[in-house]
Amino acid sequence: MAVSVFDLFSIGIGPSSSHTVGPMRAARTFVAGLTADGLLGRTTRVKAELFGSLGATGHGHGSGPAVVLGLLGELPETVDTAAAPALVAAVRESGRLRLSPHHEVAFTERDDLVLHRRRALPGHPNGMVFRAFDGAAEIRARTYYSVGGGFIRDEDGGVTEDRTALPYPFGSGDELLRRCAETGLPISELMRRNERVWRADATIDAELLRIWGVMQECVANGTSRSGVLPGGLAVRRRAPGMRARLEERGRTGDPLDVLDWVSVFAIAVNEENASGGRVVTAPTNGAAGIVPAVLHYYRRFVPGADDAGVVRFLLTAGAIGSIIKRNASISGAEVGCQGEVGSACAMAAAGLTEVVGGTPEQVENAAEIGIEHHLGLTCDPVGGLVQIPCIERNAVAATTAIHAARLATHGNGTHVVSLDKAIKTMRETGADMKVKYKETSRGGLAVNVVEC
């Protein structure tokens, strides 16, 4: 499977890539299939069923509205986040769903959007079944799995996998280091040459800088919007107040002010994500604040930082993310939060190490440090919301990524535990982890914290 950097960094909406972005894409894919096969005109009703983690925490993750928006033809990267609630409300009030500009069907959320809290499908913890009916007769049924980061696949595994031949393929950290040694290229340039099979250099640069622009806009929005996050936990937005206090304090001589700013950047992104705002999936929404926070650190506090460095950072981070996705998982419902926050920490650490002059070996070391120290991390969102402990967890992981990069650049890249061994351990730990600790809100903090 060929994984592009633009698969790992995609523009979408909160609060969850696997529970919001994936279901929206699956729903739209289902309707597109009806259209392509000439079945849309016969369709009088559609039904969506969500299983496993989607069923258990879908209410808190906004999975239901995401499915409705996907059936309406919306895409995560282009949907108007301000108008989306009104679109969903109109369907609920009218009991009608417009599958195309010229075709409308009956749709009642109680009967046609079912979240199974205690049932799962065999292919993945995030399973969905979509059905189309002509009167009482079922004319189409499709199963999809949301496998993390907004990626979806159908029961045949064929929705998003890309078999494109790459000039410098690598499936592991060891292979990546060998490719760099053979070519003399840094990781970012090796990744760029692979990306050229899909896009020209100018497009690669422009699109990565567009992603960086969305990250900046997300931080700007998150540090200017106050109030309480939706969902019932009464979690107040903290990023605006933290930013104001840091700006008022100015340069106090406290060197830890830099880390406070990193926390502001991460928290701003994840508060936007929790409110359903526009974010960059990096590589998931639950971990969306880590890479932007470390990139903001690079641009604001690293001498000589520039846009070219931002591009190199993202290319390097994408290379590490592709290895993790291939050999383990970036899905909290599959391996716990080690697969989301741990992966994002490794990616951010690798990107920062590259742009401060690290060798490929030091980059690999930084990524390994980032993932190693998140092994075993559970995914236990309180109330099924991507708020507690998710928001603070991103801030902590962003500072860990910076620390990992600094540790790696103090060494020569030689270390005992390889990135591949850490990824293998993450996969095995996820397999051993009880299901209740994998984004079900039936274990950990989710049952030990009283919902407000």
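This is a predicted model: local features need pLDDT of at least 70, side-chain atom pairs count only at pLDDT 80 or more; totals for chains, interfaces and linings use all residues.

Colleague: How many cavities of 30 Å³ or more does a search of the whole structure find?

Modeller: A cavity is a space where the probe fits but cannot get out. Here the search finds one of 30 Å³ or more, and the largest cavity holds about 150 Å³ of space. Its lining comprises 19 residues, of which Gly286, Glu340, Cys379, Val386 and Cys390 are the closest to the centre. Helix H2 (17-36) and helix H17 (390-410) each contribute at least two lining residues, and by class the lining has nine nonpolar, six polar and four charged residues.

Colleague: Which residues lie nearest the centre of the largest pocket?

Modeller: A pocket, by contrast, is an open set of points. The largest pocket has about 620 Å³ of space, and among its 33 lining residues Gly14, Pro15, Ser275, Gly276 and Gly277 lie nearest the centre. Several helices each supply at least two residues of this lining, including H2, helix H9 (201-222) and helix H11 (257-274), while the classes are 15 nonpolar, 13 polar and five charged.

Colleague: Is Arg237 buried or exposed?

Modeller: Arg237 counts as buried because its relative accessibility is 14%, and buried means under 20%. Arg237 sits in the loop between H9 and helix H10 (239-249), where its side chain makes a polar contact with the side chain of Glu272 at 3.0 Å. Beyond its sequence neighbours, Arg237 also touches residues including Arg225, Leu229, Glu271 and Ser275.

Notes: Residues are numbered from 1 along each chain as its sequence is written. Side-chain values use heavy atoms; hydrogens and water are left out. On a 1 Å grid over the protein atoms alone, a cavity is a set of points where a 1.4 Å probe fits but cannot get out, and a pocket is an open set with protein on both sides within 12 Å along at least five of seven lines; lining residues have an atom within 4 Å of a point. Grid points are joined across faces, edges and corners, and a volume is the space filled by probe spheres set on the points. Helices (H or I, at least four residues) and strands (E, at least two) are DSSP runs, numbered from the N terminus. Ala, Val, Leu, Ile, Met, Phe, Trp, Tyr, Cys and Pro count as nonpolar, Asp, Glu, Lys and Arg as charged, and the others, Gly among them, as polar. Buried means under 20% relative accessible area, exposed over 50%, partly exposed in between (1.4 Å probe, protein chains only). A polar contact is a pair of N or O atoms within 3.5 Å; within protein, one must be able to donate a hydrogen and the other to accept it, and residues adjacent in sequence count only if both atoms are side-chain atoms. Contact means heavy atoms within 4.5 Å. Lists of a residue's contacts leave out its neighbours within four places in sequence.
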